[in-house]
Amino acid sequence: MHLDTPITLGGLTLPNRIAISPMCQYSAVDGVVQPWHSMHLGSMAISGAGLVIAEATGVLPEGRISPHCPGLWSDAQEAALTRLIAGIRAYSDTPLGIQLGHAGRKAPAEGFDSGRPAPPELGWPTVGPSDIAPQEDWPSPRPLDEEGIARIVEAFAAAARRATRAGMTLIELHGAHGYLLSAFLSPLANRRTDRFGGSLENRMRLPLMVADAVRAALPEGVTMGMRINGTDHAEGGITPDEAGTLAVALREAGLDYVCVSAGGNSRHQQIPPTVPGYQVGLAEEVRRRSGLPTMAVGMILTGRQAEDILAEGRADMVAIGRAALDDPRWPRHALQSLGARPDYPRPYWRSGPDIWRGYAAVHPEAGPG
Ligand SMILES: Cc1cc2nc3c(=O)[nH]c(=O)nc-3n(C[C@H](O)[C@H](O)[C@H](O)COP(=O)(O)O)c2cc1C
């Protein structure tokens, strides 16, 4: 079986190939994680996943996606994250990572996926590569100057230091979905004529500067990757070929993996039907081009589907989002459906397939134990 085979990404060996995808919870207060985050990440940490990645976390106040998103620019935020991780560590050794990001022109969103901007009293002026609003009814960002860019690069490095001090052993840079790094990469959002715009080499400059700064800030052994767009799903946007070139550059910059998603850079995007595995082809292309360990994400719904993606060499890992919100034991159930017998947390031991007679009725896909 591939799904339960350990994988080493940089200094970190994960016990299996299932990652919990970063998912905004819109539940932070002043960027500080709350008991909800302990509940959410704690439950994912006992899910049986090989890796849990915490949600997009702003490296600056104006880098949050919404006023309710966590941040990592202050001592109070770092202290709360440190406590959260210590609490989880008392019960689980599942590797924990965090997605660090700057939302750029796509903030401040109202929160809870409404797609609307936050009300003015909660909002802030936005920045971006160019003066192009993300949607018709959203404000236009202020194009960043060199000084503003340098401040953001340093903020990523500082947040990465805070995250690792707090106990995170993996840093994922958010370079997808039209947020700041993704916007710099996309010709649809980036119309600059300086060294940060135009050619792919120039559009990659900011993400690579951030990657270099974060890599330099991280202690030895901390794993680092980036979520990128394999396509913008819009004419004139980033292509799988360009994403492959980016992944090669990220590998050369010392990144340990890439996770391939898509979209979010254009109000004219045409997202294809989100059928099972709809983004796996993008991961496959990026993996083939770059040779970098690659996570596939998007509508990966069953253990068999995940196993086939890995067995066919289309990705090295799968990241699971909504299926894990629906069933916070999804990784364990997926592994069990393929015949593996992953460990249980001791207090839940009596619900395991070899002990509880009800298991087969609840999970007929698991077959005989
Ligand atoms: C509630 C929610 C919050 C999300 N927040 C993030 C995020 O913080 N960062 C990110 O890169 N993707 C985010 N996503 C996208 C997921 O990580 C994932 O890529 C997407 O849901 C597709 O995978 P799935 O079909 O397994 O859910 C979010 C998705 C959901 C449902």
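This briefing covers the confidence, domains, local backbone features, pockets and cavities of one predicted protein model. The protein chain averages a pLDDT of 96, and 99% of the residues score at least 70; pLDDT is the predictor's confidence in each residue, from 0 to 100. The chain is divided into domain 1 (7-327) and domain 2 (339-369), with bounds that come from an automatic or database domain assignment. The largest pocket has a volume of about 1,400 Å³.

Residues are numbered from 1 along each chain as its sequence is written, and side-chain values use heavy atoms, with hydrogens and water left out. Because the model is predicted, local features need pLDDT of at least 70 and side-chain atom pairs count only at pLDDT 80 or more, while totals for chains, interfaces and linings use all residues.

**Confidence and domains**

- Helices (H or I, at least four residues) and strands (E, at least two) are DSSP runs, numbered from the N terminus.
- The C-alpha centres of domain 1 and domain 2 lie 34 Å apart.
- An unreviewed UniProt entry annotates residues 5-336 as "domain: NADH:flavin oxidoreductase/NADH oxidase N-terminal"; UniProt positions are given in the numbering used here, feature names are shortened, and annotations may be inferred rather than shown by experiment.
- Over residues 5-336 the chain is 35% helix and 16% strand, with its end C-alpha atoms 14 Å apart.

**Backbone features**

- Helix α3 (residues 146-166) has 21 residues and reaches 30 Å from its first C-alpha to its last. This is close to the expected 30 Å, where the expected span is 1.5 Å times one less than the number of residues.
- Tyr 26 is not a glycine, yet has a positive phi of about 50°. Tyr 26 sits in the loop between β3 and α1 (35-45).
- The peptide bond from Ala 107 to Pro 108 is cis, with omega near -10°. Pro 108 belongs to the loop between β5 (96-101) and β6 (127-128).

**Pockets**

- On a 1 Å grid over the protein atoms alone, a pocket is an open set of points with protein on both sides within 12 Å along at least five of seven lines, whereas a cavity is a set of points where a 1.4 Å probe fits but cannot get out; lining residues have an atom within 4 Å of a point.
- Grid points are joined across faces, edges and corners, and a volume is the space filled by probe spheres set on the points.
- The largest pocket, of about 1,400 Å³, is lined by 47 residues, with Tyr 26, Asp 113, His 177, Tyr 179 and Arg 227 closest to its centre.
- The elements giving two or more residues to this lining are β12 (317-320) and α10 (322-326); α10 has the largest share, three residues.
- The lining of the largest pocket divides into 21 nonpolar, 20 polar and six charged residues. Ala, Val, Leu, Ile, Met, Phe, Trp, Tyr, Cys and Pro count as nonpolar, Asp, Glu, Lys and Arg as charged, and the others, Gly among them, as polar.
- The second largest pocket holds about 390 Å³. Of its 19 lining residues, Gly 48, Asp 93, Thr 94, Arg 332 and Asp 343 lie nearest the centre.
- Domain 1 and domain 2 each give at least three residues to the lining of the second largest pocket, which has eleven nonpolar, four polar and four charged residues.

**Cavities**

- The structure holds four cavities of 30 Å³ or more.
- The largest cavity has about 90 Å³ of space. Val 33, Thr 57, Pro 70, Leu 81 and Ile 98 are the closest to its centre among 14 lining residues.
- To the lining of the largest cavity, α1, β4 (51-58) and α2 (75-89) each supply at least two residues, and β4 gives the most, three.
- By class, the lining of the largest cavity has eight nonpolar, five polar and one charged residues.
- The second largest cavity has about 50 Å³ of space, and its lining residues include Cys 69, His 102, His 174 and Tyr 179.
- β4 also supplies the largest share of the lining of the second largest cavity, three residues. That lining divides into five nonpolar, six polar and one charged.
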